[in-house]
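These notebook entries record what I looked up in one structure. I begin with the terms and then take selected residues and helix pairs in turn.

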Amino acid sequence: MVLTSNVRDYINRMLQDISGMKVLILDSQTVSIVSVVYSQSDLLQKEVFLVELIDSISKSNELMSHLKAVYFLRPTSENIQLLRRQLASPRFGECHLFFSNILKDTQIHILADSDEQEVVQQVQEFYADFVAIDPFHFTLHVPSNYIYMLPAVVDSSTSQRFCDRVVDGLAALFLALKRRPVIRYQRTSDVAKRIAQEAAKLMYQQESGLFDFRRTEVSPLLLVIDRRDDPVTPLLNQWTYQAMVHELIGIQDNKVDLKSIGKFPKDQEEVVLSSEQDSFFKTNMYENFGDIGMNIKRLVDEFQQVAKSNQNIQTVEDMAKFVDNYPEYRKMHGNVSKHVTLVTEMSKITEQRKLMTVSQTEQELACNGGQGAAFEAVTNLLNDENISDVDRLRLVMLYALRYEKDSPVQLMQLFNKLASRSAKYKPGLVQFLLKQAGVDKRTGDLFGNRDLMNIARNMARGLKGIENVYTQHQPLLFQTMENIVKGRLRDMDYPFVGNHFQQGRPQEVIIFVVGGTTYEESRSVALQNASNTGIRFILGGSSVLNSKSFFKDLEEAQRVARISTFVV
């Protein structure tokens, strides 16, 4: 049940049986699906000498009959129309068509009618309609991700497209895993319910034959939940490696674009961070920032000895200078060079934005009580000239989520202070967040202060002491997984779809977060899987969030909601 292997196997099967020089033709979504599991050198080994996007290849008329075209596309009506036109006047000697999901009969007829010159050698469905960023973490990159926050009536067509894409992705995932799940959803979320019901309809009615696999003793569980049940996790600054890179710089399809933060040598403008292709990253992706620096230093020290260099490396800056001074080192150990660059840049950002001070208050707000001290800490940081606008906003949001019912007067004071201190602050954004994800809207025990067992657990943690003040927060997802393992996920809060109930404890659980996952949550899943409870978890979502993209979704949803109210 390792997603990256599944997708990689599909691509191997696509390419290895077609001999000779090939062009691989993708669309804007399958390019992500391929790039996270297959490198450029992997493609060259399979004699793929050209990779093109289907819409750009449509604009060219150059004949390339010496190349065999391997198409890997989502079966959308747009792609079928582009293909129809390309097959009508073919540019390649052969065409091999692979689709990432279920083709409709009508689509197959359109393709057959268009292939008058009989260049199509095969048409197959390879169910890789999801981006497998890590072995147990996938995303769908759904456009207009903000739409999950709004009632379907606000923009029914965008809302339908969003749900369709999620259902398609989930269908492909289970077809790839050769499983048909029992489905549950978060009761308080209309969009989670809708996706769960549409997925069940597809798997149990419309395409029941396709999903009729040999029964495992206990069906896997698909649990569809809503991002708004835990709005805290995407708001927090991060201090473990993968999550921190995404929060401070940004990761897109396992690539980090460094051009956005400064000038770098050509070979370092975009770097790959993949647990499949980089052993150092695989070992360190969930480690604390402090430990990463020490681990990189160890690698650099080892090479120094080989190079008989006596430079004494003490700081991250020393490491960066050392790497710059050794071109041959960079050639041999480009990987280490990449990690030195990332840690150096993140150290600079942490210092510039005073993130250690900010993050300490964030963690206190997320994990501990004490409203008076929290109000004072947030007020002091709002008054601090060195704190950035975005960090001020996240602090007020965290305070509001925690104390919305306890201190309305102080909350109003913080709203006013934020508006006066932050020029970019959009009025009403914090209030909009509360309307979306406030205490009355949530199902889970986000702050561990509703359920007696959670209160006791938090007290025990407090008495035991916290190993690292910056990483004491645990996402709500951790608690959800724990409840599943112990058979304590309440039917009332997470109802089943239809009459398909769980017979015993599932061995495979796929948790899908409508609105997007975070790397802090994927770390929780990896640690849970490593603990050998007998249940294997997979995490998926409509996007992979950091605080910047979460704010962007909030702002867009707020804007659309205002327009629709005005129109009504």
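I take a helix to be a DSSP run of H or I with at least four residues, numbered from the N terminus. By that assignment, L429 belongs to helix α19, residues 429-437. I note at the outset that the model is a predicted one.

**Entry 1: L429**

I then looked up its contacts beyond four places in sequence, and found L393, M397, L554, E555 and Q558.

**Entry 2: L545**

I next located L545 in the loop between β13 (536-541) and α23 (547-567). Although L545 sits in a loop, its relative accessible area is 3% and the residue is buried. Which residues does L545 touch, leaving aside those up to four places away in sequence? I listed N145, R227, P234, H246, G515, G516, T517, T518, F550 and D553. For G515, which is 30 residues from L545 along the chain, I noted a C-alpha separation of 8.5 Å.

**Entry 3: V300**

I placed V300 in helix α11, residues 289-306. Its relative accessibility is 0%, so V300 counts as buried. I also looked up the pair V300 and P135, which are 165 residues apart along the chain; their C-alpha atoms are separated by 28 Å.

**Entry 4: two positive phi values**

I checked the backbone at E118 and found phi near 55 degrees, a positive value in a residue other than glycine. E118 lies in the loop between α6 (105-114) and β5 (120-125). Its relative accessibility is 64%, so E118 counts as exposed.

K178 likewise has a positive phi, near 55 degrees, and is a residue other than glycine. I found K178 in the loop between α7 (156-177) and β8 (182-185). K178 counts as exposed because its relative accessibility of 51% is over the 50% cut-off.

**Entry 5: α7 and α8**

I turned to α7 and its crossing with helix α8, residues 190-206. The two axes come within 9 Å and cross at roughly 50 degrees, and the helices are therefore oblique to each other. The crossing of α7 past α8 is right-handed. On the α7 side I listed S159, Q160, F162, C163, D164, V166, V167, L170, A171 and F174; these meet V191, R194, I195, E198, A199, L202 and M203 of α8. Sorted by class, this contact has 12 nonpolar, 2 polar and 3 charged residues.

**Entry 6: α9 and α14**

How do the axes of helix α9 (residues 241-248) and helix α14 (residues 334-352) cross? They come within 11 Å, at an angle of roughly 60 degrees. That angle makes α9 oblique to α14. I recorded the crossing as left-handed. Y241, M244, V245 and L248 of α9 make the contact with H339, L342, V343, M346, I349 and T350 of α14. By class I noted 8 nonpolar residues, 2 polar ones and no charged ones.

**Entry 7: α15 and α16**

For helix α15 (residues 355-367) and helix α16 (residues 371-383), I found axes that come within 10 Å and cross at roughly 150 degrees. Angles over 145 degrees count as roughly antiparallel, and α15 is therefore roughly antiparallel to α16. α15 passes α16 in a left-handed crossing. The residues in contact are T357, V358, T361 and L365 from α15, with A374, A377, V378 and L381 from α16. The contact of α15 with α16 comprises 6 nonpolar and 2 polar residues, and no charged residues.

**Entry 8: the two faces of α12**

Which residues of helix α12 (residues 316-324) are buried? I found V316, M319, A320, F322 and V323. These cover an arc of only 160 degrees around the axis, which puts them on the same side of α12. On the face turned away from that buried side, I recorded the exposed residues K321 and D324.

Notes:
Residues are numbered from 1 along each chain as its sequence is written. This is a predicted model: local features need pLDDT of at least 70, side-chain atom pairs count only at pLDDT 80 or more; totals for chains, interfaces and linings use all residues. Side-chain values use heavy atoms; hydrogens and water are left out. Buried means under 20% relative accessible area, exposed over 50%, partly exposed in between (1.4 Å probe, protein chains only). Contact means heavy atoms within 4.5 Å. Axes are lines fitted to C-alpha atoms, for helices over the stretch in contact, and angles run from 0 to 180 degrees between N-to-C directions. Angles under 35 degrees count as roughly parallel, over 145 as roughly antiparallel, 65 to 115 as roughly perpendicular and the rest as oblique. A crossing is left-handed if the near helix is turned anticlockwise from the far one by less than a right angle, and right-handed if clockwise. Ala, Val, Leu, Ile, Met, Phe, Trp, Tyr, Cys and Pro count as nonpolar, Asp, Glu, Lys and Arg as charged, and the others, Gly among them, as polar. The arc is that of the directions from the helix axis to the C-beta atoms.
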